[in-house]
Amino acid sequence: MADQREGKYILWFNEIGKTDVHLVGGKNANLGEMYQNLTNAESKLFPGEKISVPFGFAVTAAAYAHFIKENALDAKIREALADLDTHNIKQLEEKGQKVRQLILEASFPADLEKEITAAFAELGKRLKLSPSDLDVAVRSSATAEDLPDASFAGQQESYLNVRGDHELMENIKNAFASLFTNRAISYRVDQKFDHFAVKLSVAVQKMARSDRGVSGVMFTIDTESGFKDMVLINAAWGLGEFVVKGVVTPDEFKVFKPTLKKGFKSIISKRLGSKEKKLIYASEGTSPTKEVPVADSDRHSFTLTDDQILKLAKWGTIIEDHYQRPMDIEWAFDGNDKSLYIVQARPETVQARKDINVLEEFVMQDKGKVICQGAAVGAKIGQGKAHYIKDATQLSEFKKGEVLVTEITDPDWEPIMKIASAIVTNSGGRTSHAAIVSRELGIPAIVGTGNATEVLKTGLEITVSCAEGEVGKVYEGLLKYQVIKTDLTDFKPPKTDIKMIAADPELAFGYSFLPQRGVGLAREEFIISNFIKIHPNALIDYEKLTDPKIKAQIDELTAGYPDKAEYFVEKLSYGIGQLAAAFYPYDVLLRFSDFKTNEYANLIGGKLYEPEEENPMMGWRGASRYYDPKFEKAFSLEVAAVKLVREKMGLWNLSVMIPFCRTPEEGQKVVDTMVKYGLTNRISPEDRKKKKNGDLVEGYECWVMAEIPSNILQVEEFAEIFDGFSIGSNDLTQLTLGLDRDNKTIAPIGNERNKSVHKLISILIPEAHKRYLKVGICGQGPSDFPDFGEFLVSLGIDSISLNPDTVMKATIKIKEVEEKLGR
């Protein structure tokens, strides 16, 4: 039966769905799909949740074809684009401008204009708004846009705060012309789409008044690593164009989907953006919108409450579940009615297409002077001569292989972005236009540097590294780097559990794709040094501090936190939460802080609290601090962070480990201190049986580092207190042999292959196994010394934890050992 909608010029959102791309383009098809299926029915994933999508209608592809035909534009456009070479930037600009001018100078057929204005009036009636109060967004929607295998991000235009018939018709015509922007022409050529097989539809949609609120972008996948269990939300004050185009550096929030679905408040990261400016409605002048500065108080405040973050994450998860694929979503918070809305959704097309069976790792081999840094996009490295492009008039000067340096990228710059070796911008976040296009092109980008255009002069040779975490670094010079590729298609793991040593939360999601079974050593020290930076006692005693310099440093870092101790707890919980989420549901074993006194002293305010010790390695460290009245309150902040991760975020795979515990009596004091501060839900014997079968259980385990000979010589007593042992081979070696591991003079005397060390380990593993406790090891010994790995495997060690860069090499060696031993 013929589709009655074919040939219609107007279709309402409640008449269209995701299969109607040929009628109304990708954007409209998705808006109609969500409006029809997700705004009225309650979600099965989150009972009581309904998504809100502003209502509107589509000016169809048939309407566009009618406009082109009645103005006899087809032949004229073909003639204008004849002999096009998209690599000739100047020619592309000239031909694109000519085609757009042809469209803008044409007139609407009378019948089409009548239908559009009648639909506009009907929209006002349905929304119960007078013509003067009806404000809409006019968004282009191409029939080859928002497809699962081609994003066409930013290829056509959107127009905001459109009012009245005249503005509406002019902006629909502008949208028609945007089918032939320079970047759209270039992109279709690259993707091998026929210019004339693609038509344009237009969405006319009620505006959400985010000019008086907040707006942004949300992905239901980590845009950098491809980790699929995350919702990534970017948000800034005002209308959403500044987030999409990268004009501002937005706030960034991460939410973990598996525990969100279980009812937990699983926000695992919050990062404050600079948000210097915003786009709002203009009350006068030729433009319907204007740029204004953001008040300092708003710049230093988060744009969204936790409840709003969680609601958006739920909506993103619902949309993803409906489409059965990762999604790229635009949203808005209306400052008038205080409600959230979804204004666009499209399939995510970069990470979703990545082959997860092939690991590609870029590794810096040289280190040089860091000139500037910002948010890393992707995980690659690029290099070349910097070329600062101020505006579109300079595009034709850009040469292949150069590094594009600019304030922000404009969608019209896509033709030069595709020939750049890397991109560096002053402004923007991970969901900006520059970030989306660079991911799709597979080139590294660093956005939001703040000063790239000042310090990266044209002609300067630079290396752009996005391979060192979420902070991207621009180095002076052309530095050496390596690309390592590993095919995991037929990989079978060894029987011994291979786990990770992890410290940097920002790298964890990428490392989750390595063949591993969780984390055997998660280090708190990196999070405290790099993200918190302040001694916990200085935060607890903030009101008593008298040093103005220390207070000023604390004030700058803790802006927005009236309770300074809460800053420590929240920041630490986000770092731990990301580590636990990245490897969920596998165990993540968190070692409580193991700074030495000299290392604690280097934190802000640290010298006020730390004694000077002759030998900090053997001094006040690890377990001895946790119950000491001078540090107990500081330790309680670590306990509070663990409780947040487990109880609020729902990450039950997180367990804890006590370092440098000299005696069983000391171990009991630490356990009692943890219980005193609320960490009470220790694993039960029943839960331990379930866990052995692979189930995730609510109770946590408390392990002890086996790094002092007493831990092994009194294994029976320690086993009464703890749930497992993790061999710290470096400390165990130095304390067994009386070696200072930092002293190079005596280093050759021995290492973990020494017979005394072997003898201790030979006692520990069978004695622990007799008591049904597991034993792991964290360190490079098994990787550096194959015979040491063979020794551990022969004793039946349960797990070996390794640094990420040695996981593959060591895993292969361990498999060989197992085969040799017939395991």
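This is a predicted model: local features need pLDDT of at least 70, side-chain atom pairs count only at pLDDT 80 or more; totals for chains, interfaces and linings use all residues.

Trainee: OK. Which residues in α5 meet α6?
Mentor: On the α5 side they are Glu113, Ile116, Thr117 and Phe120. They meet Gly164, Asp165, Leu168, Met169 and Ile172 in α6. By class, the residues of this contact divide into five nonpolar, two polar and two charged.

Trainee: At what angle do the axes of α5 and α6 cross?
Mentor: Roughly 125 degrees, and the axes come within 10 Å. Helix α5 covers residues 110–126, and α6 covers 164–177. That angle makes α5 oblique to α6, because the roughly perpendicular range is 65 to 115 degrees and roughly antiparallel needs over 145.

Trainee: Is the crossing left-handed or right-handed?
Mentor: α5 passes α6 in a right-handed crossing.

Trainee: Switching to strands. Which strands close into the barrel, and in what order?
Mentor: Seven of them, in the order β15-β19-β18-β17-β16-β20-β21. The pairing is mixed. From one strand to the next, the twist averages 35 degrees.

Trainee: Where's a parallel pair?
Mentor: Take β18, residues 422–425, and β19, residues 445–447. Two bridges join them, and they run parallel. Ile423 has Ala445 in β19 as its bridge partner. Helix α13, residues 433–441, packs on the sheet there, touching β15, β18 and β19. The direction of α13 makes about 80 degrees with that of β15.

Trainee: And β21, how many bridges join it to β15?
Mentor: Five, with β15 (370–377) and β21 (471–476) running antiparallel. Gly374 stands opposite Gly472 in β21.

Trainee: What about β20 and β21, parallel or antiparallel?
Mentor: Antiparallel, joined by four bridges. Ile462 has Glu476 in β21 as its bridge partner. β20 and β21 form a hairpin with five residues between them. In that turn, Gly469 has a positive phi of about 110 degrees.

Trainee: New topic. Where does Tyr627 sit?
Mentor: In the loop between α21 (623–626) and α22 (632–648).

Trainee: What does Tyr627 count as at 23% relative accessibility?
Mentor: Partly exposed. Buried would need under 20%, and exposed over 50%.

Trainee: Which residues does Tyr627 touch?
Mentor: Leaving out residues up to four places away in sequence, Tyr627 touches Glu632, Glu666, Lys669, Val670 and Thr673.

Trainee: And how many Å apart are Tyr627 and Thr181?
Mentor: 66 Å, C-alpha to C-alpha. In sequence, Tyr627 and Thr181 are 446 residues apart.

Notes. Residues are numbered from 1 along each chain as its sequence is written. Side-chain values use heavy atoms; hydrogens and water are left out. Two strands pair if DSSP finds at least two bridges between them. Axes are lines fitted to C-alpha atoms, for helices over the stretch in contact, and angles run from 0 to 180 degrees between N-to-C directions. Angles under 35 degrees count as roughly parallel, over 145 as roughly antiparallel, 65 to 115 as roughly perpendicular and the rest as oblique. A crossing is left-handed if the near helix is turned anticlockwise from the far one by less than a right angle, and right-handed if clockwise. Contact means heavy atoms within 4.5 Å. Ala, Val, Leu, Ile, Met, Phe, Trp, Tyr, Cys and Pro count as nonpolar, Asp, Glu, Lys and Arg as charged, and the others, Gly among them, as polar. Buried means under 20% relative accessible area, exposed over 50%, partly exposed in between (1.4 Å probe, protein chains only).
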